[in-house]
Amino acid sequence: MAQSRVTVIKQLPDELFSELKTVCAERRKDADWNMSQRLVGAMIQQSSLEVSQHLQDWIVDQTSNLWYDIKATCPWNPNYFSPEYLRLRDSWVNYQRPGEFNPVHCHNGVVSFVIFVDIPYGASERQHHRASGNFQLEDQILDIDAKWNGTLLMFPSYTQHAVYP
């Protein structure tokens with residue numbers, strides 16, 4: 001039996017998105033890319049990312065509706081878990097170059113998310129790059145392009161997902 005997939009799609013507030021873009025740009029300058037041994041992506045640049053407490057709090061706050069949907073169908077004892085115990089752990093950044101991808105995978109934990117920060121092209125330019133620009137969320141394919149910049153996509157951690165070249 002397939003588990004239900006619940007997602008949250010929300011635009012980051014401008015000040016948080018601006019802050020995140022700055023943190024990502026600074027991180028990209030750093031030569032220490034230490035997450036490739038832990039992450040499944042076929043990417044050269046993927047590493048840990050430190051984000052502000054303000055951004056962490058905003059992200060965790062976005063989990064409230066998703067949390068109750070997960071709790072209603074969770075396979076573990078829901079009495080052990082409560083949204084006040086949710087916290088951001090192991091955040092990272094991926095810089096995906098042409099031809100790189102993140103294969104189908106899922107995560108540990110309760111809730112996972114992606115924030116699209118700097119997608120450089122629109123849907124019409126995908127063919128030029130010979131890239132689909134898609135994000136797969138189980139059986140759903142999302143056409144990701146520059147319009148998604150600043151968007152939070154949140155889903156239960158058990159959800160299979162992938163990022164295509």
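N149 sits in the loop between β7 (140–143) and β8 (151–156). Strands here are DSSP runs of E with at least two residues, helices are runs of H or I with at least four, and both are numbered from the N terminus. The model is predicted, so local features need pLDDT of at least 70 and side-chain atom pairs count only at pLDDT 80 or more, while totals for chains, interfaces and linings use all residues. Residues are numbered from 1 along each chain as its sequence is written, and side-chain values use heavy atoms, with hydrogens and water left out.

Is N149 buried or exposed? N149 is buried, with a relative accessible area of 19%. Buried means under 20% relative accessible area, exposed means over 50%, and partly exposed lies in between (1.4 Å probe, protein chains only). Leaving aside neighbours within four places in sequence, N149 is in contact with Q11, F17, F116, V117, D118 and I119. Contact means heavy atoms within 4.5 Å. A polar atom of the N149 side chain lies 3.4 Å from the backbone nitrogen of D118.

Buried in α1 are L16, F17, L20, C24 and R27. They cover an arc of only 95 degrees around the axis, which puts them on the same side of α1. The arc is taken from the directions from the helix axis to the C-beta atoms. The face turned away from the buried side carries the exposed residues D14, E15 and K29.

Next comes the largest nonpolar core, which has 19 residues. Such a core is a set of buried Ala, Val, Leu, Ile, Met, Phe, Trp, Tyr and Cys residues joined through side-chain atoms within 4.5 Å. L12, L20, C24, L55, I59 and I115 touch the most other members. α1, α2 (53–61), β3 (92–95) and β8 each give two or more residues to this core. α1 gives the most, with four. L55 touches L12, L16, E19 and L20, not counting residues up to four places away in sequence. Apart from this core lies another, of nine residues, among them I119, F135, L153 and F155.

D145 forms it with K147, the closest N and O atoms being 3.7 Å apart. A salt bridge needs a side-chain nitrogen of Lys or Arg within 4 Å of a carboxyl oxygen of Asp or Glu. D145 is buried, at 4% relative accessible area. K147 is exposed, at 69%.

How values were computed. A polar contact is a pair of N or O atoms within 3.5 Å; within protein, one must be able to donate a hydrogen and the other to accept it, and residues adjacent in sequence count only if both atoms are side-chain atoms.
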